[in-house]
Amino acid sequence: MRYFDYQTVARDAGISPAMLDRLLRQLTEELPGDLMLVELHALRACMAIKAGHLTVEQALADTEVPRLAA
């Protein structure tokens with residue numbers, strides 16, 4: 001089930017399928033079990049990128065899950 005049409009916005013923003021997939025994976029790690037919230041955050045990020053307020057790299061950096069150093 002899809003809640004939001006983030007894919008069309010991503011395509012319009014020039015976000016590659018690989019970058020969108022990476023963003024979705026990171027959001028899913030951050031928000032496990034809540035597909036609606038993952039899609040909402042993806043949509044908002046894609047809209048910000050399309051509007052020029054954010055780059056794909058910034059969106060990915062903002063959603064990275066911190067890793068503990070060994």
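1. A crossing of two helices is called left-handed if the near helix is turned anticlockwise from the far one by less than a right angle, and right-handed if clockwise. In this predicted model, α1 passes α3 in such a left-handed crossing. Local features need pLDDT of at least 70 and side-chain atom pairs count only at pLDDT 80 or more, whereas totals for chains, interfaces and linings use all residues. Residues are numbered from 1 along each chain as its sequence is written, and side-chain values use heavy atoms, with hydrogens and water left out.

2. The chain has four helices and zero strands, where helices (H or I, at least four residues) and strands (E, at least two) are DSSP runs numbered from the N terminus.

3. The axes of α1 and α3 are 9 Å apart and meet at an angle of about 20°, the axes being lines fitted to C-alpha atoms over the stretch in contact, with angles running from 0 to 180 degrees between N-to-C directions. Therefore α1 is roughly parallel to α3, a term for angles under 35 degrees. The contact (heavy atoms within 4.5 Å) involves Y6, V9, A10, D12 and A13 of α1, and E39, A42, L43, C46, M47, I49 and K50 of α3.

Conventions:
Angles under 35 degrees count as roughly parallel, over 145 as roughly antiparallel, 65 to 115 as roughly perpendicular and the rest as oblique.
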